[in-house]
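Thanks for making time for this. I will take the structure on the screen piece by piece.

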Amino acid sequence: MRFPLCSQVVGMTTPQIDSARLWKSLTEISVFGATPAGGLHRLAASKEDGQARDYVVAAARELGCAVRIDALGNTFMRRAGSDANAKAILVGSHLDSQPLGGKYDGIYGVMAGLELLRVLHESRTETKHAIEVAVWTNEEGARFAPAMMGAAYFAGKFTADELLVRKDVDGVQLGNSLTEIGYAGIDIVSPVEHKAYFEIHIEQGPILQDENLQIGVVTLVQGMRWFRIGISGQSGHTGTYPMETRRDALVAASHLIKAVQQIGLDQPLTGRATVGHLVVTPNSPNVIPGHVELMVEFRNPEVAVLDVMTASLNQALKETADKYGVEVVSKQELDSATIDFTSELIDLVEQAASACGKTSKRMISGAGHDACQLSAVMPTTMIFIPCDKGISHAENEAITQDWAADGAAVLVETVLAFDSK
Ligand SMILES: [Zn+2]
């Protein structure tokens, strides 16, 4: 389906974004939670999260936007449209980071949204629909579980009461933390107010940079499964117990970890299989490891492939138990389906990128995003920009000013094209 692009509507030109202004705002907001190594440590509902929100809210208020905050602290900045009866167009992302994370994951999407509001304000562009920029609370899930919490609440998956009592490792409740930073809101904001959701984000992978492309047109977010595996052997004295009859849980785990790697490699290009969490008990240099707990994570866009990977895991668990004389138990903890974005919006982003003169390709998202939650309640899609070497969730996560500006220009074109349809 084709929408009229702004550049195609007679007498209308797309207002231009201000690259230097966008870069300055990205630089300014990165001081809240800045780490000495150039990264960001800004956990959800922390003091630094509050400061970053204050920065964005103040900027939006200067533009005359109305600000609303819901019970989970999701923050909405709304620029009115000419038709009071038309639903709003929603744009958003998150301002929280992983511990020792990067300055652009999530933050870029919010600041590109702010640049959109600024461009519309400065060019006195009248849109039919209100344009609303959202900051979703706790996308990362690093301090409070689950991840994508604010967006999931907005989409109606949880009640506020269920989530506000979630505690961090120090026993501090989310609700109290939001009150402390001034973001325990009372506004009721509902998805029925919105016509569509657009999220722009760094790719968090190397494809766009490797292929020298400016824009990723995201078609789907791949599915994911998590398995918690317990391996029980026999602990004992490392100096006295003979090698031949040991039931070493960590040695068994090492076999399983290699098998998991192979399960990923067996699905060329699309397979993702990782053991990223390991707990060894008792974890002492002179005790044979008696128990290991580890997490296996699989990702793939195809359910059928995830099923194959899961069957291979079950086979590997059995082999591990047989070969090392250990007991192995497995519990699936997460089964997250592939999220397909809205085809009309995908087409629109592709056309907008081309109208802006930017190179693009269709791609999938390897990571979960707030947009996954939003897609359950309204037409949704995402736009990616490159990030250096694909590095993300790390202090050396980096983008260039040009990449940031290219994405913001496409976001503006996309939103205005959608507004005029
Ligand atoms: Zn993110």
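Val-279 has its bridge partner in strand 9, and that partner is Glu-293. Keep in mind that this is a predicted model. The pairing of strand 8 with strand 9, residues 291–300, is antiparallel and runs over nine bridges. Those strands belong to an open sheet of four, ordered 8-9-7-10, with antiparallel pairing. Its edges are strand 8, at 272–281, and strand 10, at 327–336, each pairing on one side only. Ignoring direction, neighbouring strands in this sheet are turned by 15 degrees against each other on average.

Two helices lie across this sheet. Helix 8, residues 249–265, lies across strand 7 (223–232), strand 8 and strand 9, and runs at about 5 degrees to strand 9. Helix 9, residues 303–324, lies across strands 7, 8, 9 and 10, at about 160 degrees to strand 9.

Next, strand 4. How many of the residues of strand 4 are buried? Six of six, over residues 131–136. Ile-131, Val-133 and Val-135 point one way, while Glu-132, Ala-134 and Trp-136 point the other way. Strand 4 pairs with strand 2 in the antiparallel sense over five bridges, and there Arg-78 stands opposite Glu-132. With strand 3, strand 4 runs parallel, joined by six bridges; Val-91 stands opposite Val-133.

Which residues are the protein donors of the zinc ion? They are His-94 through NE2, Asp-105 through OD and His-201 through NE2, at 2.0 to 2.2 Å from the zinc ion. The spacing of the donor residues in sequence is H-x10-D-x95-H. The histidine pair links distant parts of the chain: His-94 sits in strand 3 (residues 88–94) and His-201 in strand 5 (residues 194–202), 107 residues apart. Both histidines, His-94 and His-201, are buried.

In soluble globular proteins, nonpolar side chains tend to be buried together. Here the largest nonpolar core has 94 residues, and those with the most contacts inside it are Met-77, Tyr-108, Met-111, Phe-198 and Ile-399. Helix 12, residues 401–419, gives the largest share of this core, twelve residues. A second, separate core has 23 residues, including Ile-229, Leu-294, Leu-313 and Val-326.

Met-111 is found in helix 3. Is Met-111 buried or exposed? Met-111 counts as buried because its relative accessibility is 0%. Beyond its neighbours within four places in sequence, Met-111 is in contact with Leu-22, Ser-25, Leu-26, Ile-29, Tyr-55 and Val-56.

Tyr-55 and Val-56 are among the buried residues of helix 2. Helix 2 covers residues 47–62, 16 residues, and reaches 23 Å from its first C-alpha to its last, close to the 22 Å expected at 1.5 Å a residue. Its buried residues pack against helix 1 (19–29), strand 1 (66–69), strand 2 (75–79), helix 3 (107–122) and helix 6 (174–181). Just after helix 2, Gly-64 has a positive phi of about 85 degrees.

How values were computed: Residues are numbered from 1 along each chain as its sequence is written. This is a predicted model: local features need pLDDT of at least 70, side-chain atom pairs count only at pLDDT 80 or more; totals for chains, interfaces and linings use all residues. Side-chain values use heavy atoms; hydrogens and water are left out. The expected span of a helix is 1.5 Å times one less than its number of residues. Buried means under 20% relative accessible area, exposed over 50%, partly exposed in between (1.4 Å probe, protein chains only). Contact means heavy atoms within 4.5 Å. Two strands pair if DSSP finds at least two bridges between them. Axes are lines fitted to C-alpha atoms, for helices over the stretch in contact, and angles run from 0 to 180 degrees between N-to-C directions. A nonpolar core is a set of buried Ala, Val, Leu, Ile, Met, Phe, Trp, Tyr and Cys residues joined through side-chain atoms within 4.5 Å. Donors are N, O and S atoms within 2.8 Å of the metal (3.2 Å for Na, K and Ca); water is not among the atoms, so sites may look incomplete.
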